[in-house]
Every structure is written in C-alpha cells, then in structure tokens.
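Please read the points with the sequence and the coordinates at hand.

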Amino acid sequence: MSVNAQAKQFLKKSRPTRQARTRQMALVAATVVLLGSIILYLGAQKQFGPLQYAQLILDGLRGGTIYALIALGFVTVFNVTGIINFAQGGFVMLGAMLAVTIHNGLALAGWPAGPRLAVAILAAVAATTLIGVLVERLTIYPARNAEPLTLIIITVGVYIVMQGVALIVWGTDAYSLPAFTTLAMQDKTIRLGTLIVKAQSFWIWGVTGVTMAVLYAFFERTMWGRALRACSVNRTAARLMGIRPDRMSALAFALAAAMGAIGGVVLAPATRPAYDMGLTLGLKGFVAAIMGGLLNPPAAVVGGILLGVIENVGAGVTRAGIKDIFAFIILIWVLLFRPQGLFGRQQTVEKV
Amino acid sequence: MRGFHSHRNEWGLLILALVVLLLGLFEIVQPGGRNVSSLTGNVITFNTLVRIGILTIVVVGLNVLMGYAGQVSLGQAAFYGLGAYISGILTTRAELLGIPGSVESSWWWPWLLMVLGMAFTGLFAFLVGRPILRLKGHYLAMGTLGLGIMIYILFRENLGFRASTINITGGFDGLVDIPRLRIGGFVLWPLSRYYFLVWLMALLSIALALNVVHSRVGRALRAIHGSEVAAEAMAVDTGDFKVRALVFSAVLASLAGSLYAHFQAAVSPGPFSFTGSLELVVMAAVGGLRNVWGAPLGVTVILVIEEFLRARGHRIFAGIGSEAEPVVFGLILILIMIFLPDGLTTSLRRLPRLWQRRPGRLPTTSQEARP
C-alpha cells in the first residue's frame with residue numbers, strides 16, 4: 001500500500017464519513033428488523049397479541065429503570081476513577097436488605113407503618129452511602145497507584161465480602177418490604193384498560209426520575225458536581241485547579257452507593273430481596289452502562305431502560321429461564337458493532 | 001536448552017516434579033498409616049492436590065493471556081466448562097450424535113474427546129477472539145464476561161431445549177456417571193493414579209507456557225503489553241498475537257475441563273459461572289502475572305486458604321461457622337491486592353532484598369521505597 005493510500009485509509013478511519021454512518025445505521029436497522037421478526041415469530045407461536053406485548057414492555061420498563069439507576073452508578077465511578085466497580089450490585093443488595101431490617105426493627109419498637117417505612121428507607125440509603133465512602137477509603141484509596149486490573153479485583157473482593165457478610169447477617173432467606181402505596185405486603189394493582197401495573201412501579205419510575213433530576217442538578221449546578229466532572233475530563237488539570245482527585249473518588253463512590261441503595265429500596269417491595277441479589281443486578285447495570293458507552297450518563301439511562309424492555313420481551317416469547325442471556329447477547333453485539341455505545345459518536349482519533 | 005529463560009526454570013520444574021512425585025508416593029505407600037491428609041491435620045486432602053493440579057492448567061493459560069498479552073478474560077470458566085461438558089456429554093450421551101455404544105465404551109473415546117474438546121474450544125476462542133480482541137482495554141474483559149455468562153446459562157438451561165424432549169447438559173443438576181479414564185485395561189483410578197496424570201499435564205503446561213513466553217511469541221506478547229502502538233510499529237501483528245494467546249489459554253482450559261469431568265465423574269454448571277471465572281482471575285492475580293510460576297503458586301495459595309477456612313474456620317471464628325468463609329476469603333483477597341499488587345511471585349522476589357537491608361538504613365533507591 002502506498003503512503004498516499006495509507007493516509008487515505010487513516011483519514012477514513014479517523015473521520016466517520018457519510019458512507020460509514022450509513023453503514024452503521026443500516027447495521028442497526030438490520031439488527032432491529034431481524035430481532036423484531038424473531039420476537040414476532042416466537043410470539044405468534046405463543047399467540048401473543050399487542051396486549052401481551054404491551055404488558056411485557058411495561059414490566060420491562062420497571063426492571064429497566066432499576067438497571068438505569070445501577071448503570072448511573074457505574075458511569076459515575078468509571079468516569080472519575082477509571083474503575084469498573086463490581087461492588088455496585090452489592091450496594092443495591094445492602095440498600096434493600098438494610099431497609100427491610102430497619103423497618104422490621106422499628107415495627108418491633110411499635111412505630112406506625114408510615115413513618116417506620118420512611119425512616120427505614122432514608123436510613124438504609126444513608127447507611128449504604130456511608131458504606132460506599134468507607135469502601136473507597138479502606139480499599140480503593142490505599143491502592144490508588146495500582147493498575148486498573150488490581151483495583152477491579154479489589155472491587156470484586158469487596159463484593160465477595162459484602163455478600164458474605166449479608167449471608168451471615170440475613171441468611172439465605174428472601175425477605176419482603178411493604179409496598180410504598182398500601183404500606184402492606186399486598187400491593188395495589190392499577191388497571192390501565194386490560195394492562196396490569198403494580199402501584200410500586202410508579203414509585204420506581206417516580207423515585208428514579210427525581211434521583212436523576214437531582215443528580216443532573218448536582219453535576220450542573222453545584223461546585224462539587226462541577227469538580228467531579230472536571231476530574232473525569234482531566235485529572236491532572238483538575239488537580240492543578242485545586243481539586244483533590246482522591247476526594248472526588250470517594251464522592252463518586254458515595255454517589256454510586258446512594259444510587260444503588262435507592263434502586264434496591266424501591267425495588268424491594270416488587271421483588272423478594274435476598275443476600276445474593278446483587279450480582280445479577282450489578283451485571284445488568286453494567287451491560288446498560290456499556291450500551292450507553294460507559295461515559296455518558298443519559299445514554300446509560302436509555303441503555304438500562306432499553307435493556308429491561310428487550311430482556312423482558314425476549315424472556316416472554318421464549319422461556320423465563322434464559323431471561324439473563326439476552327443482556328449478554330446485547331453486550332456482545334454492542335461491543336462488536338457499537339463499542340462507543342449505542343448513541344455515541346465514532347471515536348475520531350486514537351490516542352497514543 | 002533453547003527457549004527456557006534461565007536454568008532456574010528447569011530447576012523449578014524439576015523440584016515441582018519431585019515434590020509431586022514424593023507426595024504421590026507418600027499417598028500410595030502410606031508410611032505408618034499416615035497419608036497426605038493426616039500429615040496436614042486434615043486441612044489439605046489428596047483431593048485438594050488434584051484440584052490444584054487441574055486449576056493450575058487453567059490458570060497457566062490465563063497467566064499468559066493476562067500477564068504477557070495484557071488481556072483480561074472474565075469468562076475463562078466458560079472455556080473450562082466447554083472442555084468439561086464436551087467430555088461429559090459425549091462419554092455419557094454419545095447416542096445423541098448417533099455414535100454407536102461400542103465406540104462410547106471404548107477406552108480411547110474419552111482421550112479422543114479430550115483432544116477434540118481442546119480443538120473445538122480453541123477454534124471457538126479463535127472465532128470469537130478475532131473481533132473481540134480488536135477492542136482495547138477493558139472491552140475484552142467485558143466481552144469475555146458476556147460470553148462466559150452466556151455459555152454458563154446455556155449449560156444451565158440445557159442449551160435452551162426443553163429437558164423433557166431432549167436432555168443434553170442435564171440443566172441445573174448436570175451430568176453424572178462420567179466414566180474414569182483408562183489406557184487399555186489400566187484404569188486411571190483410584191485418585192492416587194489420577195493424581196499423576198493430572199500433574200503430568202500440569203507440569204507439561206507449565207513447561208509449554210515457559211517456552212512460549214520466552215520465545216519470539218512471548219517477546220511479542222510482552223511488547224503488546226508494554227505498548228500496543230509501539231509493538232505495532234515494530235511490525236508485531238498485535239491482533240494476531242492476542243488471538244493466539246487467547247486460543248492458547250482456551251485450549252489449556254478445555255484440557256483442564258476434561259480432566260475435571262473425569263475426576264468428579266459428574267459435571268454441573270456451578271463452577272463455570274461468572275463467580276468461577278472471577279475466582280480464576282483472582283488466582284492468577286494473587287500468584288502474580290509477570291511470571292508463569294505465579295499460576296501454580298496462586299492456585300495453591302487460594303485453595304489452601306479455602307481449605308483451611310473450611311477445616312479450621314469454625315474453630316477460629318467461634319459461633320459463625322462456615323458462613324464466614326467468603327468474608328475472610330474476600331478480605332484476604334483485598335489485602336493481598338493492596339499490599340502485594342504485583343502478586344506473590346513478584347513480591348516474594350523482592351523479599352531477599354528486604355532481608356539484606358540493614359535496619360535503620362534508608363532504602364537506596366526511590367523505587368524500593370515505594371510500598
């Protein structure tokens with residue numbers, strides 16, 4: 001290949017031409033059409049009508065919202081520290097389990113149903129946030145100069161410890177938290193035509209929406225949020241501006257833990273929380289974050305919701321047992337064809 | 001001997017072979033009615049030694065992939081599982097593929113499957129590795145993570161088939177009654193016989209890996225680890241070498257999987273889950289990634305810690321019992337990674353220097369002063 005041809009090749013690589021963009025769009029469209037037709041075919045075998053699909057999508061939206069929250073935690077930590085935090089799922093589990101325990105403890109102390117649930121939720125989120133900071137200070141901070149792989153293995157160790165402690169404290173039982181609307185184990189069911197939605201789903205959507213709004217305001221409007229963003233753009237420059245990156249790392253872990261705990265708390269009444277719920281949820285949140293390109297919070301949210309819907313529809317038309325496989329099929333597909341995330345631009349020039 | 005880095009490696013292999021031989025003979029002869037298990041106060045059983053051997057084979061491959069090619073695999077248990085399931089399924093359910101019973105019951109069939117399993121797993125790694133390894137940094141870890149979990153779910157869910165119509169992997173319960181290996185009429189069982197086969201394979205894989213990393217390929221891999229761009233500028237086809245390292249590790253994992261299937265005589269999806277993959281990475285990292293010897297060391301340390309906690313944990317942590325095991329394991333892992341981030345082999349090599357240093361004297365170089 002002549003130098004000229006090489007240069008052309010390089011330019012082609014570095015700037016996504018219209019042709020490349022069209023190709024990408026065609027690829028995505030082809031996948032969507034293929035996936036859609038497989039789903040419709042399998043659904044037709046089970047005699048699914050639009051209502052069944054609507055129900056599956058609605059249920060998927062609920063799970064997806066939780067994935068979105070967890071994905072936000074991943075993105076926050078990755079942006080600031082460059083670590084993939086495998087303990088993220090552990091924060092979700094801790095949030096849910098602590099809420100259950102505090103709630104039951106207050107119930108024994110004779111508190112009325114409303115306040116004890118509210119206090120349990122707030123205390124669980126606060127405690128998990130604190131645990132997040134402790135995790136960063138005790139395990140990540142002392143190893144801050146180590147390679148990313150070492151740090152990732154440390155977060156794996158943190159997750160193992162969290163799950164192990166949860167096993168000792170709570171055993172293998174599945175617990176339950178009262179629904180936020182009825183304050184009882186039996187949740188209110190809302191009917192939209194023939195569709196069935198649990199009232200807790202609206203809490204999940206509402207709380208997640210508020211959390212994201214607060215997070216947005218935090219990143220855009222407060223000094224700390226801006227410092228955090230500065231740190232993710234350029235650590236060294238941020239440091240020169242008087243921002244302490246290691247403190248920002250602790251702050252990122254605190255935020256991630258808080259978001260995980262909020263996810264766990266609002267999810268708890270809709271599922272039966274147990275000591276080992278964190279791993280799967282954490283991995284799904286991670287896939288959602290990858291779908292968003294790992295660096296882009298709004299894209300991670302869309303990724304999470306999309307993942308929840310695809311997964312639920314996919315499991316609906318096939319079998320519940322293979323529900324988890326869809327997330328990882330999506331993961332591989334995204335890595336191969338859209339490593340910059342579903343909505344990211346093609347990276348321009350490779351850094352040396 | 002060409003290829004070996006230094007005579008130390010040959011001595012290492014020789015010493016390890018001797019230790020293996022002595023322990024095996026000890027178990028067979030049982031002098032004074034004592035065996036390996038009673039020698040260690042029932043902490044490390046002979047069974048553990050066989051497991052160390054099998055996992056060493058997997059981790060040697062992972063060590064080369066991670067330490068020399070610099071590519072993390074979070075799905076290595078899937079390759080391990082592929083070997084185990086290929087051996088398991090085709091020695092117990094060969095009729096699914098229309099293979100006659102006379103072949104299935106012949107002594108050479110499991111050995112052939114072991115080789116076929118390695119070939120298939122290697123090919124699989126090649127096909128998936130090519131596109132995935134184009135990605136850089138964490139992306140390979142993520143891709144292998146997804147791949148590993150997908151394969152695990154396929155094992156667990158009977159490849160997506162309904163178990164009532166066609167039962168391939170046995171679902172959650174897995175496969176049972178996998179035959180022992182034999183050569184003609186000589187059965188490689190009881191465990192003391194199988195032990196020698198496993199460790200022969202383990203020693204061979206260590207020797208093979210040592211040869212690979214100290215060959216032209218190994219130098220190319222280290223160059224990739226150092227800087228992919230620089231390696232490419234030196235005319236190293238980075239993609240090709242990374243795929244080769246992945247295939248190498250997958251083939252070794254498959255071999256270990258087959259050995260595992262005939263060792264347990266049963267296969268269930270559990271050990272091939274994401275947790276299984278993580279444990280393999282932990283073993284490799286604890287042992288140290290800059291040195292092939294980190295593999296046997298890491299496996300031994302992790303398994304001995306696990307066995308120790310299992311056997312003695314309830315006495316140390318009174319009232320909590322075996323549930324404390326994962327907590328202590330996790331804490332040890334965190335501590336090793338904080339204080340010995342380069343793994344045991346690299347850190348242990350620094351020990352003699354620490355010894356020589358006189359008390360009260362300042363460290364000579366800033367390099368040594370760093371924790």
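1. Confidence in chain B. This is a predicted model, and for chain B the mean pLDDT is 84, with 90% of the residues scoring at least 70. Within chain B the mean ranges from 36 in helix α16 (residues 366–369), where confidence is lowest, to 95 in helix α4 (residues 76–92), where confidence is highest. Over residues 357–371 of chain B the pLDDT stays under 50, and the model has three contacts beyond four places in sequence for that stretch. Where pLDDT is low, the predicted coordinates should not be read in detail.

2. Confidence in chain A and in the complex. Chain A averages a pLDDT of 87, and 93% of its residues reach 70 or more. Its residues 348–352 keep a pLDDT under 50, and the model has four contacts beyond four places in sequence for them. For the complex, the predictor gives an ipTM of 0.83 and a pTM of 0.85.

3. The interface. How many residues of chain A are in contact with chain B? There are 32 of them, and they meet 33 residues of chain B. On the side of chain A that touches chain B, α6 (148–170) and α13 (323–337) of chain A each supply at least two residues, and α6(A) accounts for the largest share, with 14 residues. By class, this side of chain A has 25 nonpolar residues, six polar residues and one charged residue.

4. Overall make-up of chain B. Chain B has 16 helices and two strands, and 47% of its 371 residues are buried. Of the contacts in chain B between residues at least 6 apart in sequence, 76% join residues that are at least 24 apart.

5. A helix pair in chain B. Helix α3 (residues 46–68) of chain B packs against helix α13 (residues 294–316) of chain B at an angle of about 135°, and their axes are 8 Å apart. The crossing in which α3(B) passes α13(B) is right-handed. On the α3(B) side the contact is made by residues including B:Thr48, B:Arg51, B:Ile52 and B:Leu55, and on the α13(B) side by residues including B:Gly294, B:Ala295, B:Pro296 and B:Glu307. The residues of this contact divide into eight nonpolar, six polar and two charged.

6. B:Val198. Is this residue, B:Val198, buried or exposed? B:Val198 has 25 other C-beta atoms within 10 Å and is therefore buried, since the cut-off for a buried residue is 20 or more. B:Val198 lies in helix α8 (residues 191–213) of chain B and, leaving aside neighbours within four places in sequence, is in contact with B:Val50, B:Gly53, B:Ile54 and B:Leu259. B:Val198 and B:Val58 are 140 residues apart in sequence, while their C-alpha atoms are 12 Å apart in space.

7. B:Leu145. This residue, B:Leu145, is in helix α7 (residues 138–156) of chain B, and B:Leu145 counts as buried because it has 29 C-beta neighbours inside 10 Å. Beyond its neighbours within four places in sequence, B:Leu145 is in contact with B:Leu74 and B:Gly75. A separation of 16 Å lies between the C-alpha atoms of B:Leu145 and B:Phe155, which are 10 residues apart along the chain.

8. Backbone geometry to check. Most residues other than glycine have a negative phi, and most peptide bonds are trans. B:Trp189 and B:Pro190, however, are joined by a cis peptide bond with omega of about 15°, and B:Pro190 is found in the loop between β2 (186–187) and α8 of chain B. B:Gln30, although not a glycine, has a positive phi of about 50°; B:Gln30 sits in the loop between α1 (7–29) and α2 (36–39) of chain B, and, with 13 other C-beta atoms within 10 Å, B:Gln30 is partly exposed. B:Asp177, also not a glycine, has a positive phi of about 60°. The loop that holds B:Asp177 runs between α7 and β1 (182–183) of chain B, and B:Asp177 counts as exposed because it has 9 C-beta neighbours inside 10 Å.

Key. Residues numbered from 1 in each chain as written. Chains lettered and ligands numbered in written order. Predicted model: local features only at pLDDT ≥ 70, side-chain atom pairs only at ≥ 80, totals over all residues. Axes fitted to C-alpha atoms, helices over the stretch in contact; angles between N-to-C directions. Helix = DSSP H or I, 4+ residues; strand = E, 2+ residues; numbered from the N terminus. Left-handed = near helix turned anticlockwise from the far one by under 90°. Contact = placed C-beta atoms within 7 Å. Nonpolar A, V, L, I, M, F, W, Y, C, P; charged D, E, K, R; others polar. Buried ≥ 20, exposed ≤ 12 C-beta atoms within 10 Å, placed from the backbone. pLDDT = per-residue confidence, 0-100.
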